[in-house]
Amino acid sequence: MPEPRAIWDLTRRAIIAPAGHGKTELLARASALGRRTLILTHTHAGVHALRARLNRLQIPSEIVSVDTIASWANKYVQAFPRLANFPPANPRGAQWNQVYESAARILQSEVVKTVIKASYDRILIDEYQDCELHQHGIAMALSSIVPTVVFGDPMQGIFEFVETRIRWSEHIDNSFTTAYELTEPHRWNTANAELGQWISYARQQLMTGQPLDLRTGPMNFLPCNDAFEMGLFFNGFEQRDGTTAAIHCRRGVCNRLAQSTNGAYQAIEEIAAARLMDFAAAWDGAQTPNDRANALRAILNDTMTQANADGEVSADYTAPIVAAWQSLRQTGSATHALEVITRERAHPLARTYRAELLNDAKRALKDLEAGRRVNLVVSCEAVRHRLSHTGRAPTVRTISTPLLLKGLEYDHVLIPDATHFLTETAAAKLFYVAISRARWSLTIASRNPVLRFPIPNL
């Protein structure tokens, strides 16, 4: 691995950093060499991870600023609204392109250049493979003002569905030439070094379109017929210490798998929280209290296994549930909706498998009940906004997609029916992101023990 000083002396260069190869540590230590370093990344989760590493290394926040590219760009265009041609104050969706274009434009101003030079002596940009063209334009403009180094991995550029995505070979190699490629799989040195070496080997096989034999190497291979064979999830369940993630590319399948495990594994939500917002819109648009009760029933159906009357269940549980529903159908109030959720979850046969979604709905209803928000849509938006800044609560056992788990690591990773990756866009990259989340153990179920992926677009 290069020394931090070697990174600090670079400008308009790139560091290729495969997953788990010490990038965050190197980036943090390099940032400490300056007096006013700016680190930019893409997600609030990335910001949290970088700040945590800086804190662990006792690097003072006075000399290193960390932000998302989106947030940083928006701050600057709002600070220079006339130069930026008055961009939207609270951008959404495609409006962010206007923010990025405005940011790149104001960085041509001598006034703004002077501010940038006075504010930062070095800029480091993380996860650069996730940039799209407008963000790349900002990076190029910054690099002409202050020495700038980018960090990323072309094999983790999985957002190929974004029309304005950049390609490492086409855009980055021609703008930020590669200075170093990290080669030591540090993540696994204190866990399972053999697994780390195999994941590095698998990365090379995937990059070149060579076959991967899942029966060889340090991971566990399970033959299967489909993704819903529960042996993958529960064989050795009690022996797995620490965190576990099961990874499937399809959100709907993740939800159904979590349901099939009766909540032993939890499905997590995307930041946009489409299902939560659907619930909020149905609640706000309800014409009668009964409509609101139906909206709540629908989201409970999507987050919990049904509390039912099979077997001997005390009326101490069932009677309050019935009463809570009756009250909600009469009043349509947030208070009675919260009572329904509490009573349903207390039923001994009920199991929640999308706890994050249900907890967010509960928080939003509490804010509505307290009068802090004008309606449930606004309340849900506020809940998700807070989550984007504070990060998710840790979950011991998770089922999610490579898109949502990228950048995270787990002690154990399970892959249900790995053949499904072959049908995805960016198949090899998605598979690499999935397997490289594992620190101690990797278990792959597959209909075929040998997988051969198309050569990825790098």
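The legends below describe close-up views of a predicted model. Residue numbers start from 1 along each chain as its sequence is written, and side-chain values rest on heavy atoms, with hydrogens and water left out. Because the model is predicted, local features need pLDDT of at least 70 and side-chain atom pairs count only at pLDDT 80 or more, whereas totals for chains, interfaces and linings use all residues.

**View 1. The open parallel sheet with strands E1 to E6.**
Strands (E, at least two residues) and helices (H or I, at least four) are DSSP runs numbered from the N terminus. The open sheet comprises 6 strands in the order E3-E2-E4-E5-E1-E6, with parallel pairing; two strands pair if DSSP finds at least two bridges between them. Strand E3 (64–68) and strand E6 (177–181) are at the edges with a single partner strand each, so one side of each has no neighbour in the sheet. From one strand to the next, the twist averages 25°. Strand E1 (residues 13–16) runs parallel to E6 and is joined to it by 4 bridges. Within this pairing, Ile-16 has Glu-181 of E6 as its bridge partner.

Thr-148 lies in strand E5 (residues 148–152). With a relative accessible area of 0%, Thr-148 is buried; buried means under 20% relative accessible area, exposed over 50%, and partly exposed in between (1.4 Å probe, protein chains only). Neighbours within four places in sequence aside, Thr-148 is in contact with Thr-11, Arg-12, Arg-13, Ile-123, Ile-125, Leu-142, Ser-143 and Phe-176, where contact means heavy atoms within 4.5 Å. Helix H7 (residues 133–143) is mostly covered, with 8 of its 11 residues buried. Among the buried residues of H7 are His-134, His-136, Leu-142 and Ser-143.

**View 3**
All of strand E14 (residues 410–415) is buried, 6 of the 6 residues, so the strand is largely enclosed by the rest of the structure. Strand E9 (residues 244–247) runs parallel to E14, and 3 bridges join them. Ala-245 is opposite Val-413 of E14. E14 is also joined to strand E15 (residues 438–446) by 5 bridges, again running parallel. Here Leu-414 is opposite Thr-443 of E15.

Trp-283 belongs to helix H12 (residues 274–284). Its relative accessibility is 1%, so Trp-283 counts as buried. Beyond its neighbours within four places in sequence, Trp-283 is in contact with Arg-292, Ala-295, Leu-328, Gly-332, Ser-333, Ala-334, Ala-337, Leu-365, Leu-368 and Leu-376. The C-alpha atoms of Trp-283 and Glu-344 are 19 Å apart, and the two residues are separated by 61 residues along the chain.

Helix H13 (residues 289–301) packs against helix H14 (residues 315–331) at an angle of about 135°, with the axes 6 Å apart. Axes are lines fitted to C-alpha atoms, for helices over the stretch in contact, and angles run from 0 to 180 degrees between N-to-C directions. H13 is therefore oblique to H14; angles under 35 degrees count as roughly parallel, over 145 as roughly antiparallel, 65 to 115 as roughly perpendicular, and the rest as oblique. Residues of H13 in this contact include Pro-289, Asn-290 and Ala-293, and those of H14 include Trp-325 and Leu-328. The contact of H13 with H14 has 6 nonpolar, 4 polar and 2 charged residues, where Ala, Val, Leu, Ile, Met, Phe, Trp, Tyr, Cys and Pro count as nonpolar, Asp, Glu, Lys and Arg as charged, and the others, Gly among them, as polar. The axes of H13 and helix H15 (residues 334–346) come within 11 Å and cross at roughly 30°, so H13 and H15 are roughly parallel. Leu-296, Arg-297 and Leu-300 of H13 meet Ala-337, Val-340, Ile-341 and Glu-344 of H15.

**View 2. The contact of helices H16 and H17.**
The axes of helix H16 (residues 355–369) and helix H17 (residues 376–390) come within 8 Å and cross at roughly 125°. H16 and H17 are therefore oblique to each other. Among the residues making the contact are Asp-360 and Arg-363 of H16 and Val-383 and Arg-384 of H17. By class, the contact of H16 with H17 contains 7 nonpolar, 1 polar and 6 charged residues.
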